[in-house]
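Trainee: Could you take me through the surroundings of one ligand in close detail? I would like to follow its contacts and the make-up of its shell.

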Amino acid sequence: MEQNRESILKLPTHVTIIMDGNGRWAKKRGLERLNGHQAGIESVRASTELAAELGIKYLSLFAFSTENWGRPKEEIEGLWGLMIKAIGDETPTLMKNNIRLRVFGDLEGMSENLQKQIYECIERTSHNTGTQLIVMLNYSGKWDIVQACNRFKNEHPDEPITEESVARYLSTADVPDPDLMIRTSGEERISNYMLWQTAYTEFYFTPVLWPDFRKPDFRKALEVYSQRERRYGKV
Ligand code: IPE
Ligand code: IPE
Ligand code: MG
């Protein structure tokens, strides 16, 4: 593993992934979309494992967007079922690997069973000090910016909104902005994801569909990132 780490010279602190292509993966095989989501869980497992092995501090995953409510009811309910099971099944592995689960997004709108499972896992893993696995659920970038402004204004009605105050009230306030954003499935767009936080993020797009994305694909993205020169507007 040490040797593997050496080939990635510059390790990102925070990697975020737009996990996309589950439906197409299933369709290609004549399966239901939900089978694609099910298969994608193995990719979550592999990516989390590699992040923990390499010592990546934050891995955030876009699991359900505000816009995804527009999907058929059966797909949405199927997804909740898969998530409830996955969180329950994976909690012991998270404990074993010292991984802390966090979930950001508008959780009040989610099923009660899912909320319960999420809060239990968050609580159980809250003292783990290794990789933070952050699941973005019922999340959108515009939602996050608006809720940040509203909460700030509630608490500080007489102060002007500044970049610093917005950043402080975003759901991701105590997490550094992503260094690397990976999107699978060949789509090259942000889809209302972390709009504020990706202002200076490096983007990596791969045609690999999410259920096929495994450690070598993740490693490739990290190697490409490692070669990027980040200038932040300077020369
Ligand atoms: C990503 O895969 C998973 C979620 C958005 C929940 P998709 O379900 O978007 O798969 P495609 O894009 O239809 O192939
Ligand atoms: C983005 O994927 C949302 C998640 C991965 C959770 P979508 O499949 O919903 O995005 P669009 O509709 O192709 O932009
Ligand atoms: Mg998609």
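Predicted model: local features only at pLDDT ≥ 70, side-chain atom pairs only at ≥ 80, totals over all residues.

Let's look at ligand 1, which sits in the largest pocket. Around ligand 1 we find M19, D20, G21, N22, G23, R24, R33, H37, A63, N68, R71 and L79. By the convention above, this shell splits into three nonpolar, five polar and four charged residues.

Two helices, written as α2 (22-28) and α3 (33-54), are the elements that each supply two or more residues to the shell around ligand 1. The top contributor is α2, with three residues.

Now for the polar contacts. On the backbone side, an N or O atom of N22 is 3.1 Å from an oxygen atom of ligand 1, and a polar backbone atom of G23 lies 2.9 Å from an oxygen atom of the ligand. R33 takes part through its side chain, where a polar atom is 2.8 Å from an oxygen atom of ligand 1. On its own, ligand 1 has 380 Å² of accessible area, and the protein covers 86% of it.

Ligand 2 also deserves a glance, as it sits in the largest pocket. The side chain of R71 has an N or O atom 3.3 Å from an oxygen atom of ligand 2.

Definitions and conventions:
Residues numbered from 1 in each chain as written. Chains lettered and ligands numbered in written order. Heavy atoms only, no water. Polar contact = N/O pair within 3.5 Å; in protein donor to acceptor, adjacent residues only side chain to side chain. 1 Å grid on protein atoms, 1.4 Å probe; cavity = no way out; pocket = protein on both sides within 12 Å on 5 of 7 lines; lining within 4 Å. Sits in = over half its atoms within 2 Å of the grid points. Near = heavy atom within 4 Å. Areas by Shrake-Rupley, 256 points an atom, 1.4 Å probe, with all protein chains shown as cover. Helix = DSSP H or I, 4+ residues; strand = E, 2+ residues; numbered from the N terminus. Nonpolar A, V, L, I, M, F, W, Y, C, P; charged D, E, K, R; others polar.
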